[in-house]
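Here is my note on the model, point by point. Please read it with the structure open.

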Amino acid sequence: MRSVIDIRELSVEEIDGLVATAMDIIENPAKYSEACKGKKLATLFFEPSTRTRLSFEAAMYELGGNVLSMASASSSSATKGESVADTAKVISCYADIIAMRHPKEGAPLVAAMNASIPVINAGDGGHNHPTQTLADLLTIHREKGRFNNLTVGFCGDLKFGRTVHSLISALARYEGIKVVLISPDELKLPGYIKKDVMDKAGMAYEETADLMAVMPQLDILYMTRVQGERFFNEEDYLRLRDSYILTPDKLKDAKKDLAILHPLPRVNEIAVAIDDDPRACYFKQVLNGKYMRMALILKLLGITV
Amino acid sequence: MNIDSIINGIVIDHITAGKGMKIYQLLSLDQMDCPVALIRNAYSKKMGRKDIIKIDADITLNMDILGYVDPCATLSIIKEGKVASKQKPMLPRRLTGVISCKNPRCITTTEQELPHVFTLTDAETRTYRCLYCEAKAE
């Protein structure tokens, strides 16, 4: 049974296929409106996440399928001590596919190892979030028309930002990608990603703390939120929270066709004044996430339209 | 220092000095009721110093543990006082139930029944990562 736990499990060809399906869904939504008729998606969210859960649910409804959802993590059997493995076995009896978010890293993998239906990782702690990466990739494809020969800046929390790690891993497989890592010292990209992913792929990259200095060379600027829930220490979080805030004046040297991405939710790292700038793509990214989740659900259920 | 020769058993030789105790612990040799000798800092022509473990019983050892801690060690099976065969441990691709994940965010910290599994991600640097959370083995 095929599951998707980590973006690296999807080959470049499979990602191209998902992008092609998503583009077809965008152009011909009616064609897909009953593609999943009679199928059920179970959304198992063991930590709060409104947007990812709603995105999965909207995706399944737009495919004509149904959704089984628990009211909140506190109402789940996990609070009674049920293991992830048992939960996966039980839900396999009710649904056709699972989307799981869990605060513990590796929980969706454990679910996939025990479920008899496909499991999609909808985020596990600070580890993986493959469908966010699929949303990012479709946004890059729609804004730039390509996945190669791009300079991509990642700004903010590069240490705990799982979306950053996943997108770098995905982009490492394309030609001519240069990555610019913009963060304070405390939130730098972990060394193992530089070594195991970027160096192995021969990916060009530079590290800086100065966003303005690198702005003119960027084709894509991927902003991130400094996430309080990833810190053990409240003091560190408060000190680093406002490290990088994107304001209109910081964009004065940026390319005219820069694409600004953000996995959302934002707190204050992108000024609201930027929302009307045509370079702001983060709300389009949300929509693209739904299309890619639709494409992924179809793929994992083996449905062709 | 003299340690009696063994008749039927195992000699783990050429252990990098300092790693003998870790092998002894991970193989749970302290729980065996046969004679077991751990010799630390023995003189070696090739290595300068080395550790040696002698087990006076015909048992099967977990070669993955040996390969994980010290792939340079050698294992000799002794039968009737003579070396019957020699084995060279290999760096195992997967380690199950040998070491624990130390990442407090890993699912293994809350689900006690889950086996701790590590996979070899870089043979050159002998890097192992947790199967579930990918944290590096310490």
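1. A:Asp185 is exposed, at 59% relative accessible area (buried means under 20%, exposed over 50%, partly exposed in between; 1.4 Å probe, protein chains only). A:Asp185 forms a salt bridge with A:Lys188, with the closest N and O atoms 3.6 Å apart. A salt bridge here is a side-chain nitrogen of Lys or Arg within 4 Å of a carboxyl oxygen of Asp or Glu. A:Lys188 counts as partly exposed, at 33%.

2. The basis of these values should be kept in mind. This is a predicted model, in which local features need pLDDT of at least 70 and side-chain atom pairs count only at pLDDT 80 or more, while totals for chains, interfaces and linings use all residues. Residues are numbered from 1 along each chain as its sequence is written, chains are lettered from A and ligands numbered from 1 in the order in which they are written, and side-chain values use heavy atoms, with hydrogens and water left out.

3. Over all chains there are 20 salt bridges. One of them joins A:Arg279 to A:Asp277, the closest N and O atoms being 3.0 Å apart. A:Arg279 is buried at 14%, and A:Asp277 is buried at 18%. Another joins A:Arg8 to A:Asp6, at 2.5 Å between the closest N and O atoms. Here A:Arg8 is partly exposed at 38%, whereas A:Asp6 is buried at 10%.

4. A:Glu14 deserves a look. A:Arg2, A:Glu14 and A:Lys299 are linked in a network of salt bridges. A:Glu14 is also among the buried residues of α1(A), which include A:Leu18 and A:Ile25. The buried residues of this helix pack against α5 (130-144) and α10 (282-301) of chain A (contact means heavy atoms within 4.5 Å).

5. Four aromatic pairs turn up over all chains. Rings of Phe, Tyr and Trp (its six-membered ring) pair if their centres lie within 6.5 Å; planes under 30 degrees apart count as stacked, over 60 as edge-to-face and the rest as tilted. A:Phe147 and A:Tyr174 have ring centres 5.1 Å apart and planes at 45 degrees, so this pair is tilted. A:Phe147 is buried at 8%, and A:Tyr174 is buried at 13%.

6. In chain B, the rings of B:Tyr68 and B:Tyr128 have centres 5.1 Å apart and planes at 85 degrees, so the pair is edge-to-face. Both tyrosines, B:Tyr68 and B:Tyr128, are buried.

Technical notes
Helices (H or I, at least four residues) and strands (E, at least two) are DSSP runs, numbered from the N terminus.
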